[in-house]
Amino acid sequence: MKKFLSVLALIIGFAFQSNAQGAIKFKSEKHDFGKIVEGTQASYSFEFTNTGKTPVVISNVQPSCGCTTPEWTREPIMPGKTGKVTASYNSTGRPGNFNKSITVVNNGEVQQIQLFIQGTVQPKK
């Protein structure tokens, strides 16, 4: 009987653990640079916290165009810890309004999260 209860407890433990996942919660998912001068390399760091129960790993960050370069926390983010995704926009030769997305691919509850940057590039004088 003890063996049966031990096996049952182990199965129940695995069942609950399989539902436990990491979860990325960003402080903000949008950033407006406002007006920037053409030629500026505008950067913003989106900070997040793992609000889940298991580590989260960001496997890829994909910008919507080549004018945006991403950097991100590469090591596993433990529950309760923070990380960041930085988006840098190269405004050289791109006067006018811009609105770009960055897709964050991870192993958390929501496996693809969209971040957005926007602003207006003023031509050089």
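Visitor: Which handedness does the link of Cys65 and Cys67 have?

Guide: In general, a disulfide is a covalent bond between the sulfur atoms of two cysteines. For assignment, the pair of cysteine sulfur atoms must lie within 2.5 Å. The link of Cys65 and Cys67 is left-handed, with -55° about the S-S bond. The sulfur atoms of Cys65 and Cys67 are 2.2 Å apart, and the count by this rule is 1 disulfide.

Visitor: On what kind of model do these values rest, and how are residues numbered?

Guide: The model is predicted: local features need pLDDT of at least 70 and side-chain atom pairs count only at pLDDT 80 or more, while totals for chains, interfaces and linings use all residues. Residues are numbered from 1 along each chain as its sequence is written, and side-chain values use heavy atoms, with hydrogens and water left out.

Visitor: Is Cys67 buried or exposed?

Guide: The terms rest on relative accessible area: buried is under 20%, exposed is over 50%, and partly exposed lies in between (1.4 Å probe, protein chains only). Cys67 counts as buried, at 6% relative accessibility.

Visitor: What is the order of strands in the open sheet of 4 strands?

Guide: Strands of a sheet pair through backbone hydrogen bonds, either parallel or antiparallel. A strand is a DSSP run (E, at least two residues), numbered from the N terminus, and two strands pair if DSSP finds at least two bridges between them. Here the order is β2-β8-β7-β4, with mixed pairing. Strands β2 and β4 stand at the edges, each with a single partner strand, so one side of each has no neighbour in the sheet. From one strand to the next the twist averages 20°, taken between N-to-C directions of lines fitted to C-alpha atoms, on a scale from 0 to 180 degrees.

Visitor: Which pairs in that sheet are parallel or antiparallel?

Guide: β2 and β8 are parallel, paired over 6 bridges; His31 is opposite Ile117 in β8. Strand β7 (residues 96–106) is antiparallel to β8 (residues 112–122), over 10 bridges, and Lys100 also stands opposite Ile117. A hairpin is formed by β7 and β8, with 5 residues between them.

Visitor: Which strands pair with β6?

Guide: Strand β6 (residues 82–90) pairs with β3 in the antiparallel sense over 9 bridges, with Thr86 as the bridge partner of Ser45. Strand β5 (residues 68–72) is also antiparallel to β6, through 5 bridges; there Pro70 has Ala87 as its bridge partner.

Visitor: How many residues has the largest nonpolar core?

Guide: A nonpolar core is a set of buried Ala, Val, Leu, Ile, Met, Phe, Trp, Tyr and Cys residues joined through side-chain atoms within 4.5 Å. The largest has 23 residues, and Phe26, Ile58, Val85, Val104, Leu115 and Ile117 have the most contacts inside it. At least two residues come from each of β1 (24–26), β2, β3, β4, β6, β7 and β8; β8 gives the most, with 4 residues. Contact means heavy atoms within 4.5 Å. Beyond four places in sequence, the contacts of Val85 include Phe26, Phe46, Ile58, Trp72, Val104 and Leu115.

Visitor: Where is the place of Gly39?

Guide: Gly39 lies in the loop between β2 (30–37) and β3 (41–50). Gly39 is partly exposed, at a relative accessible area of 39%. Not counting residues up to four places away in sequence, Gly39 touches Ser91, Thr92 and Lys124. The C-alpha atoms of Gly39 and Tyr89 are separated by 9.9 Å, though the two residues are 50 residues apart along the chain.
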